[in-house]
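Trainee: I am new to this structure. Could you take me through one part of it closely, one step at a time?

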Amino acid sequence: MAPKPGVGRRAHALALLLTSGLCGLPCAGAAAAELIALEVTHIRGVYRLTSVTQFAAPPAAVFAVLADYDNLTQISSAIVASRVLAEPAPDGAARVYTRVRGCVWFFCGSINRVERLYLSPPQEIRTQVEPQLSDLHDGASYWRFTALEDGGTRVDFEMQMTPDFWIPPLIGPRLVKRRLMRDGEEAVGRIDALAHERSRLSDEG
């Protein structure tokens with residue numbers, strides 16, 4: 001299990017986490033996906049991100065890709081490690097670990113996160129941060145998957161977190177949103193491609 005880092009809380013870490021494309025944050029520009037809405041807010045130290053996107057792949061396949069924490073490194077180059085931990089959470093939920101690394105302007109580094117993972121296939125994924133093992137005071141995320149008439153998927157995403165390190169004013173919601181819009185194509189394109197491949201294999205099987 002990844003230990004909680006003891007030192008080196010870097011100013012870039014929150015923007016790094018939000019802009020890494022973790023678990024399918026949607027952005028414009030991917031040929032098979034469309035950004036419907038994206039908002040980032042910061043109120044009294046709490047950061048919140050909400051987004052809506054559409055994928056061409058069906059819900060079960062998109063769900064399977066985003067719930068596969070042993071293979072999230074396939075989604076984005078910013079995700080340098082991801083896995084399901086052997087020990088379950090006290091409430092019986094799965095426990096997952098992710099580490100992302102990247103740069104926002106001249107800030108570069110990594111951030112670690114351990115979460116409880118709750119799956120309700122193929123409609124919902126929820127996570128809850130374990131602060132003692134993460135670089136966050138608290139955090140949670142939520143995905144809702146909705147089937148579209150054309151066979152595709154709408155994904156509503158919400159993330160809320162409170163970092164346990166200082167974030168300078170220059171890394172605010174506006175910068176994070178611009179970075180998401182600019183750099184999210186990689187993750188969205190890979191998710192849709194992986195989901196289509198899963199769907200094809202399922203049909204063949």
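Mentor: Start with E197. Its relative accessible area is 35%, so E197 is partly exposed, falling between the 20% and 50% cut-offs. Keep in mind that this is a predicted model.

E197 has a salt-bridge partner, R200. Their side chains meet with N and O 2.5 Å apart. Both residues sit in helix α4, three residues apart, which is about one turn of the helix. R200 is partly exposed too, because its relative accessible area is 36%.

R198 pairs with D68, and the closest N and O atoms are 2.7 Å apart. R198 is partly exposed at 35% relative accessible area, whereas D68 is buried at 18%.

Next comes S199. This residue is in helix α4, which spans residues 185–204. S199 has 18% relative accessibility, so it counts as buried. What does S199 contact, leaving aside its neighbours within four places in sequence? The answer is P58 and A61.

A61 brings us to helix α2. A61 is one of the buried residues there, along with P59, V62, F63, V65 and L66. That makes six of the eight residues in α2, residues 59–66, so the helix is largely enclosed by the rest of the structure.

Step back to the salt bridges. The count comes to nine. One of them joins R116 and D91, at 3.9 Å from N to O. This pair links distant parts of the chain, 25 residues apart: R116 is in strand β5, and D91 is in the loop between β3 and β4.

Last, check the confidence. The protein averages a pLDDT of 80, and 75% of the residues score at least 70. Residues 1–13 have pLDDT below 50, yet the model gives this stretch 36 contacts beyond near neighbours in sequence. Over residues 21–31 the pLDDT also stays under 50, and the model has 37 contacts there beyond four places in sequence.

Conventions. Residues are numbered from 1 along each chain as its sequence is written. Side-chain values use heavy atoms; hydrogens and water are left out. Buried means under 20% relative accessible area, exposed over 50%, partly exposed in between (1.4 Å probe, protein chains only). Helices (H or I, at least four residues) and strands (E, at least two) are DSSP runs, numbered from the N terminus. Contact means heavy atoms within 4.5 Å. pLDDT is the predictor's confidence in each residue, from 0 to 100. A salt bridge is a side-chain nitrogen of Lys or Arg within 4 Å of a carboxyl oxygen of Asp or Glu.
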